[in-house]
Amino acid sequence: MELNDKRVVLGVTGGIAAYKAAELVRLLGKQGADVQVAMTEGATHFVTATTFQALSGKPVYLDQWDARMPNAMAHIDLSRQADLIVIAPASADFLARIANGMADDLLATMVLARNCPLLVAPAMNRQMWENPATQRNVAQLRADGVIVLGPASGEQACGEVGAGRMLEPEQIAEEVIAFCAPKVLAGRKLLLTAGPTFEAIDPVRGITNLSSGRMGYAIARAARHAGAGVTLVSGPVGFASPQGVDRINVRSALEMHAAVMGQAATADIFIGVAAVADYRVANAAEHKLKKDTGGIPPIELVENPDILAEVAALKNGPFCVGFAAESRNLEEYAQTKRRKKNIPLIAGNLIQDGFGGDDNRIVLFDEAGSHPLTLASKSVLARQLIEHIAQMLKGKD
Ligand code: C5P
């Protein structure tokens, strides 16, 4: 779980997006966070405290004079117990109040009394968002170190279309996870490849492989959480980009090669996770091959460039990491591959242990030897790989 033992105060203010905060409680809880909900009076007109109590498993705090706090200092006690405060949705009125240091209800007082980070997810009508007063308040909050999440643009509850929608609960949860992760790659630029490649035989057929792209996407996400600026060069896969990651879509190994070489000179780290086809079709047909003309068509193959080896050979190039998916002799093959490509680190895995699935068993091989990681989800392994890379880079700085 990615928010184990994090104590989050979720402040809910008055806006129709308050109903989405219920899902946010669930998502944060699922990642192991201990969530305490506090609501403004306005929020209770949209969703009842009972909903949040049921989802968080804890009574909700509503007013400053709550008798449950023996010292009558709910604002101090609750904000001191928090590792971070998240306000979602944050109404225009609430932003205005906290931008001005007001303490006129429990939640605003908690914000003022906090000694932990504050994240706000604004939600309001687009005119209210664009109003110079709101923009001024948001700029002030940013200047005060408050993290502003969104808002998104799109259709609004009032029927208008524009900026001011609250980010979806999944996006807010992802930002909270990213915020809480140790910033071991802060300021680094990371480039990586992921997924399979597709080598065309004709306009509708091709040669590809079973790489799901999951490991690469998990690494892109973990690297972004660690504070890196991430560019993901992705072969054809069916899922969305991790939040906050730049993605370049490619299909063939040649396209992947071109995209990577265009970015490699400015990257600090390059990770080749993609299962790049070793060969492409030399005589790809311009039109669809027909079955009934001229017998079995011959498919001629030519070698693709080795992207990783080429990046590793760049002068002053990035710190390079490879992947070796093998079906046997993992250590021998992976270490040989690492030396041949002249890279400091390679992550090896046995195909039968995780190709395409959610979990994987990988072993890291570097000059010091082998570092087996225990069987885990790809997101956990991705985080461990990023930590290992950060350690190795620390040794080089
Ligand atoms: O040589 P092999 O394909 O086994 O090496 C695997 C590693 O090399 C992976 O990191 C893969 O992304 C990278 N690779 C590459 N370009 C190729 C072949 C593999 O970048 N043409």
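**Ligand site and domain interface in a predicted model**

A backbone N or O atom of F323 is placed 2.8 Å from an oxygen atom of the ligand. The model is predicted, so local features require pLDDT of at least 70 and side-chain atom pairs pLDDT 80 or more, while totals for chains, interfaces and linings use all residues. Residues are numbered from 1 along each chain as its sequence is written, and side-chain values use heavy atoms, leaving out hydrogens and water.

**Ligand surroundings**

- The ligand is surrounded by 13 residues (a heavy atom within 4 Å), with G272, A274, P305, F323 and K337 the closest.
- A polar backbone atom of A274 is 2.7 Å from an oxygen atom of the ligand.
- For L308, a backbone N or O atom lies 2.9 Å from a ligand oxygen atom.
- The protein buries 84% of the 440 Å² that the ligand exposes when taken alone (accessible areas by the Shrake-Rupley method with a 1.4 Å probe).

**Domain arrangement**

- The chain comprises domain 1 (7-180) and domain 2 (189-396), with bounds from an automatic or database domain assignment.
- The centres of the two domains, taken over C-alpha atoms, are 40 Å apart.

**Domain interface**

- In domain 1, 5 residues contact 4 residues of domain 2 (heavy atoms within 4.5 Å).
- Between them, domain 1 and domain 2 bury about 500 Å², of which 33% is on carbon and sulfur atoms; buried area is the accessible area (1.4 Å probe) that two parts lose on being put together, summed over both.
- Of the area that domain 1 buries against domain 2, 76% comes from E174, E175 and A178, more than from any other three residues.
- There are 2 salt bridges between domain 1 and domain 2 (a side-chain nitrogen of Lys or Arg within 4 Å of a carboxyl oxygen of Asp or Glu).
- The side chains of R224 and E175 form a salt bridge at 3.1 Å, N to O.

Conventions
Polar contact = N/O pair within 3.5 Å; in protein donor to acceptor, adjacent residues only side chain to side chain.
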